[in-house]
Amino acid sequence: MASWTHSMEKLNNVTKFIFWGLSQNPEVEKVCFVLFSFFYMVILLGNFLIMLTVCQGKLFKTPMYFFLNFLSFVDICYSSVTAPKMIVDLLAKNKTISYVGCMLQLFEVHFFGCTEIFILTVMAYDRYVAICKPLHYMTIMGRESCNKMLLGTWVGGFLHSIIQVALVVQLPFCGPNEINHYFCDIHPVLKLACADTYIVGVVVTANSGTITLGSFVILLISYAIILVSLRKQSAEGRRKALSTCGSHIAVVIIFFGPCTFMYMRPDTTFSEDKMVALFYTIITPMLNPLIYTLRNAEIKNAMRKLWSRKVFWEANGK
């Protein structure tokens, strides 16, 4: 056992990894720097505005907005794991990350990504209860139940990511250290290991794939039941429910489509992976605030009140 550990330590001589980044063309990188810097600012401002609106507008007591508030928080954290490093690297000659930094980034990407999946699933359950079991809504979705569900999303995300990282850190890395990506993700990192990664790859795919596809199927079934049950609602009730559920369904498709492509397959990588990953690390966190505000009258009204209050304070201050 000691000799095996010693040989592992000898083989694991990689101290840093080199990213290829989004492009090797300096001109393209400059354009991407401006574009993704703008996208990241929109992510921060949009999601922070939703959190501020929910808290200041007293919407926090409503389960849907309680989870929306934490979805915005997770979106900020999720994009912040990869976006700042990617943006800085677009102008850097050497795109490097330490071994420890890479493992930490791998953990955080899967932790916040998986937590977002579970929050979206809980939000779908909330809409199902609200529309299909309205008389029992406040009993089922009480504050204590919401807190337990939220805790479950964080615990689930942690367990998923700790398994992914535990599988990777026990592998030896003895030479190749160039990652054809802009962040440390599971499949590109496994390609660099100096060992047979078939079994690890199967476990990783089973772990990620079960959560991604399982949650996606649950979400599709939930929204299908909701849409069928809407036939019994009044025209106004149907319009309001479709408006709310429409925004949820849009987010689910934009987020789960790319995730399913990335993680529901064997341990292989494609050149398109970087472009696909942009959808769930940058595009979805950026679009979430727009989708939820443009299609939600309650959020828009709360934002107007918040803005009116701000204008009133400024006028009185002067």
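**Notes on the cavities and helix H8**

1. Helix H4 (99–132), H8 and helix H9 (235–263) each supply at least two residues of the lining of the largest cavity. Helices here are DSSP runs of H or I, at least four residues, numbered from the N terminus. A cavity is a set of points on a 1 Å grid over the protein atoms alone where a 1.4 Å probe fits but cannot get out, and lining residues have an atom within 4 Å of a point.

2. Please keep in mind that this is a predicted model, where local features need pLDDT of at least 70, side-chain atom pairs count only at pLDDT 80 or more, and totals for chains, interfaces and linings use all residues. Residues are numbered from 1 along each chain as its sequence is written, and side-chain values use heavy atoms, without hydrogens and water.

3. The largest cavity holds about 130 Å³ of space, a volume being the space filled by probe spheres set on the points. Its lining has 14 residues, with His110, Gly113, Cys114, Ile117 and Tyr263 nearest the centre. H4 gives the most, 5 residues.

4. What classes make up that lining? There are 9 nonpolar, 5 polar and no charged residues; Tyr and Cys count as nonpolar and Gly as polar.

5. The second largest cavity has a volume of about 40 Å³. Among its lining residues are Phe19, Met86, Asp89, Lys95 and Tyr182, and the lining divides into 5 nonpolar, 1 polar and 2 charged.

6. H8 (residues 198–229) has 32 residues and spans 45 Å from first C-alpha to last, close to the 46 Å expected (1.5 Å times one less than its number of residues). H8 also has a kink of about 25°, centred on Gly209; the bend is the angle between axes fitted to the seven residues ending there and the seven starting there.

Terms used
1 Å grid on protein atoms, 1.4 Å probe; cavity = no way out; pocket = protein on both sides within 12 Å on 5 of 7 lines; lining within 4 Å.
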